[in-house]
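Subject: Handing over a structure, with notes

Dear colleague,

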Amino acid sequence: MTPAHQGRVAIVTGAASGIGRATVEVLISQGARVVAVDIDAERLSWAAGDDRVAVVTGDVRFEDLNSEAVQVAIDRFGGLDATILNAGVSASGDLLEMPIERFDTAFEVNVRAVLLGIRAAVPAMRARGSGRICVTASTSGLAGDPSMWAYNATKAAVVNLVRGAAIDLAAEGITVNAVCPGPTETNMTARVRSLPQVYKDLRRSIPMQRWGSAEEIAAVIAFLASPAASFVTGVAIPVDGGITANTGQFTPREIQHE
Ligand code: NAD
């Protein structure tokens with residue numbers, strides 16, 4: 001069987017670690033060549049020296065960086081089939097006290113940069129006659145969390161950006177989708193995971209009773225970025241061990257079997 005991404009070219013942002021790195025790894029293992037983008041040059045160095053990967057270091061908040069990534073995809077690998085807009089930052093804090101600049105930064109990275117990534121990618125995808133855009137949103141974009149209103153707002157915004165963009169691009173064969181990971185073991189969640197009680201409580205709130213891995217999120221991204229997902233557009237798929245399936249009204253032991 002031909003590997004799902006054989007001969008295809010993708011961009012992955014936030015590729016230095018976590019879900020982005022796992023996505024680069026699964027895409028190249030399935031035959032793709034990938035432009036790996038991140039602001040953290042040191043962590044991104046894992047990708048250097050592999051001729052299936054081109055490394056671009058910079059801040060996704062800048063239009064030029066997004067254009068550069070697309071140009072590298074064209075110059076090094078001959079075009080662009082998929083772009084995975086995964087770079088993101090968390091933001092939590094007191095509703096009244098958190099500096100407004102942190103709110104602005106979260107929106108710049110988690111929402112505005114996604115729009116810049118889409119705008120940069122579409123002309124190259126039009127040249128190919130099709131394309132796949134996949135954004136890493138979050139279960140936190142589908143409902144609220146304590147002290148995470150800023151992050152909640154950015155991820156909800158990006159989910160609806162995906163839906164709207166999907167409609168505008170649908171007739172051209174360019175799909176736009178999101179994955180909504182639940183708690184996933186990456187650098188972003190290292191601090192939370194270092195607090196044993198918080199880690200355990202969160203684990204207990206997940207119907208599967210465990211955190212997800214970056215590889216489990218990357219597997220769904222790889223599907224959405226593949227030719228097989230040709231009739232899927234405008235969706236936000238939870239990859240969350242059942243969190244969003246659960247109303248959370250009962251704990252399992254409160255349910256009485258009649
Ligand atoms: P991570 O911290 O391991 O990876 C995020 C990457 O984004 C980092 O390498 C970071 O350097 C990069 N980045 C941040 N700002 C950037 C910028 N301005 N320009 C370029 N690169 C930048 O964390 P992760 O969990 O792999 O996060 C990936 C995505 O998944 C994020 O969008 C995050 O919001 C989302 N997400 C994570 C979880 C989780 O539990 N880990 C849950 C839901 C959604």
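Below I describe the sheet, the helices beside it, the ligand surroundings, the cysteines and a few single residues.

Please bear in mind that this is a predicted model, in which local features need pLDDT of at least 70 and side-chain atom pairs count only at pLDDT 80 or more, whereas totals for chains, interfaces and linings use all residues. Residues are numbered from 1 along each chain as its sequence is written, and side-chain values use heavy atoms, with hydrogens and water left out.

The sheet

Helices (H or I, at least four residues) and strands (E, at least two) are DSSP runs, numbered from the N terminus, and two strands are said to pair if DSSP finds at least two bridges between them. On these terms, seven strands make up an open sheet with parallel pairing, and their order is E3-E2-E1-E4-E5-E6-E7. The edges are formed by strand E3 (53-57) and strand E7 (236-239), each of which pairs on one side only. On average, neighbouring strands of this sheet are turned by 15° against each other, with direction ignored; for such angles, axes are lines fitted to C-alpha atoms, for helices over the stretch in contact, and the angles run from 0 to 180 degrees between N-to-C directions.

Strand E1 is mostly covered, since five of its five residues are buried, where buried means under 20% relative accessible area, exposed means over 50%, and partly exposed lies in between (1.4 Å probe, protein chains only). Val 9, Ile 11 and Thr 13 point one way from E1, while Ala 10 and Val 12 point the other way. E1 runs parallel to E2 and is joined to E2 by five bridges, with Val 12 standing opposite Ala 36 in E2. E1 also runs parallel to E4, here with three bridges, and Ile 11 has Thr 83 in E4 as its bridge partner.

In E4, Ala 82 and Ile 84 point one way and Thr 83 and Leu 85 the other, and all are buried. Four bridges link E4 and E5 in the parallel sense, and Ala 82 stands opposite Arg 132 in E5.

Contact here means heavy atoms within 4.5 Å. Helix H3 (residues 63-77) packs on the sheet and touches strand E1 (9-13), strand E2 (33-38) and E3, its direction making about 160° with that of E3. Helix H8 (residues 214-224) lies across strand E4 (82-85), strand E5 (131-136), E6 and E7, and runs at about 165° to E6.

The ligand

The ligand is surrounded by 29 residues, the closest being Ser 17, Ile 19, Asp 38, Tyr 151 and Thr 186; a residue is counted if one of its heavy atoms lies within 4 Å. A polar contact is a pair of N or O atoms within 3.5 Å. A nitrogen atom of the ligand lies 2.9 Å from a polar side-chain atom of Asp 59, and a polar backbone atom of Val 60 is 3.0 Å from a nitrogen atom of the ligand. For Asn 86, a polar backbone atom is 2.8 Å from an oxygen atom of the ligand.

The cysteines

With a disulfide taken as a pair of cysteine sulfur atoms within 2.5 Å, the count comes to zero disulfides. The sulfur of Cys 134 has its closest cysteine sulfur in Cys 180, at 9.6 Å, which is too far for a bond. Cys 134 counts as buried at 1% relative accessibility, and Cys 180 counts as buried at 0%.

Single residues

Thr 23 sits in helix H1 (residues 18-29) and, at 1% relative accessibility, counts as buried. Leaving aside residues up to four places away in sequence, Thr 23 touches Val 12, Ile 84, Ala 218 and Ile 221.

Thr 175 belongs to strand E6 and is buried at 4% relative accessibility; among the residues that Thr 175 touches are Gly 131, Ile 133 and Val 232.

Asn 160, in helix H5 (residues 149-169), is partly exposed, with a relative accessible area of 48%. The C-alpha atoms of Asn 160 and Ala 170, which are 10 residues apart along the chain, are separated by 15 Å.

With best wishes

How values were computed. A polar contact is a pair of N or O atoms within 3.5 Å; within protein, one must be able to donate a hydrogen and the other to accept it, and residues adjacent in sequence count only if both atoms are side-chain atoms.
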